[in-house]
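Let's take a walk through this protein, one part after another. Have the picture open while you read.

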Amino acid sequence: NRVYREIMSEDSIVGKDDKPVLLDWQQVENFLQQLNTSDSQFYFRLPTEAEWEYCCKAGTGYEFLTSDNYDENEEALVNGDDFQDLEEFFESVGSSGRNKWGIYDMLGNVPEWCSDYFDDDYYLNSPATDPENTTISEARVIKGAPSYYCVNYYPVPCRSSARHFICIDNDPDKEALSSEFEEDDEDESNCNLAGLRLIATRKQG
């Protein structure tokens with residue numbers, strides 16, 4: 001959140017410096033645009049779902065994060081205890097153990113946006129190398145833990161391969177669709193907030 005405030009001159013909904021941000025899709029787009037404008041060395045973007053999964057498993061090949069045993073992975077999940085207090089629900093960034101590549105919080109704290117659109121059947125016919133679903137749909141892929149607003153809708157996943165969709169009611173790309181999607185339950189309208197983890201590539205020149 002400290003980095004987000006420095007770039008955007010505002011807090012996310014979770015206001016403490018050391019807590020992860022919670023952003024809707026348009027906020028993510030605005031943040032990336034501003035970040036890439038202000039940084040002269042790196043270009044930042046969201047990971048694809050495949051990239052997120054690759055970084056999460058860190059080359060181990062396990063079914064779960066640290067082993068093939070579910071129970072041994074529960075400690076990798078990070079969530080606060082008080083579901084009534086948003087700032088206490090999430091822990092500070094870096095609170096969970098890191099994986100073999102030194103990456104923290106892959107299965108803890110906030111859910112994380114991926115660049116892919118969500119499709120249940122995408123991987124049945126996807127490319128074997130660097131797959132990314134760019135076909136516009138009503139939802140994007142999120143990975144990792146459930147959000148504060150969605151605890152009633154998503155189980156806490158311990159598998160890195162657990163994938164969920166998240167609504168993108170304010171995604172401008174949806175205007176390109178030939179038909180409109182029906183609105184979900186009003187109670188689910190708050191489920192369009194997630195955190196983010198960025199891929200950075202060095203700019204040329």
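## How to read the model

Helices (H or I, at least four residues) and strands (E, at least two) are DSSP runs, numbered from the N terminus. What you see is a predicted model, where local features need pLDDT of at least 70 and side-chain atom pairs count only at pLDDT 80 or more, while totals for chains, interfaces and linings use all residues. Residues are numbered from 1 along each chain as its sequence is written, and side-chain values use heavy atoms, with hydrogens and water left out.

## The overall layout

The protein has four helices and five strands.

Of its 205 residues, 41% count as buried. Buried means under 20% relative accessible area, exposed means over 50%, and partly exposed is in between (1.4 Å probe, protein chains only). Now for contacts, meaning heavy atoms within 4.5 Å: among those with a separation of 6 or more, 67% come from residues 24 or more positions apart.

Helix α2 covers residues 25-38, which makes 14 residues. From first C-alpha to last, α2 reaches 20 Å, close to the 20 Å expected at 1.5 Å a residue (the expected span is 1.5 Å times one less than the number of residues). At the start of α2, a side-chain oxygen of D24 comes to within 3.2 Å of the backbone nitrogen of Q26. That is a polar contact: a pair of N or O atoms within 3.5 Å, where within protein one must be able to donate a hydrogen and the other to accept it, and residues adjacent in sequence count only if both atoms are side-chain atoms.

Which residues of α2 are buried? They are W25, V28, F31, L32, L35 and N36. These cover an arc of only 120° around the axis, so they sit on the same side of α2; the arc is that of the directions from the helix axis to the C-beta atoms. An α-helix has 3.6 residues a turn, so residues three or four places apart point the same way. Over on the other side of α2, Q33 and T37 are exposed. The cover for the buried residues includes α1 (2-8), β1 (42-45), β2 and β3 (139-144).

A58 lies in the loop between α3 (49-57) and α4. Its phi is positive, about 50°, although A58 is not a glycine. A58 is also buried, with a relative accessible area of 6%.

The loop between α4 and β2 holds D105, another residue other than glycine with a positive phi, near 60°. D105 is buried too, with a relative accessible area of 5%. N99 is found in the loop between α4 (86-89) and β2 (111-117). At 11% relative accessibility, N99 counts as buried, and its side chain reaches the backbone oxygen of C56 at 3.1 Å.

## A look at E51

E51 is found in helix α3. Is E51 buried or partly exposed? At 26% relative accessibility, E51 counts as partly exposed.

Not counting residues up to four places away in sequence, E51 touches R45, L46 and I199.
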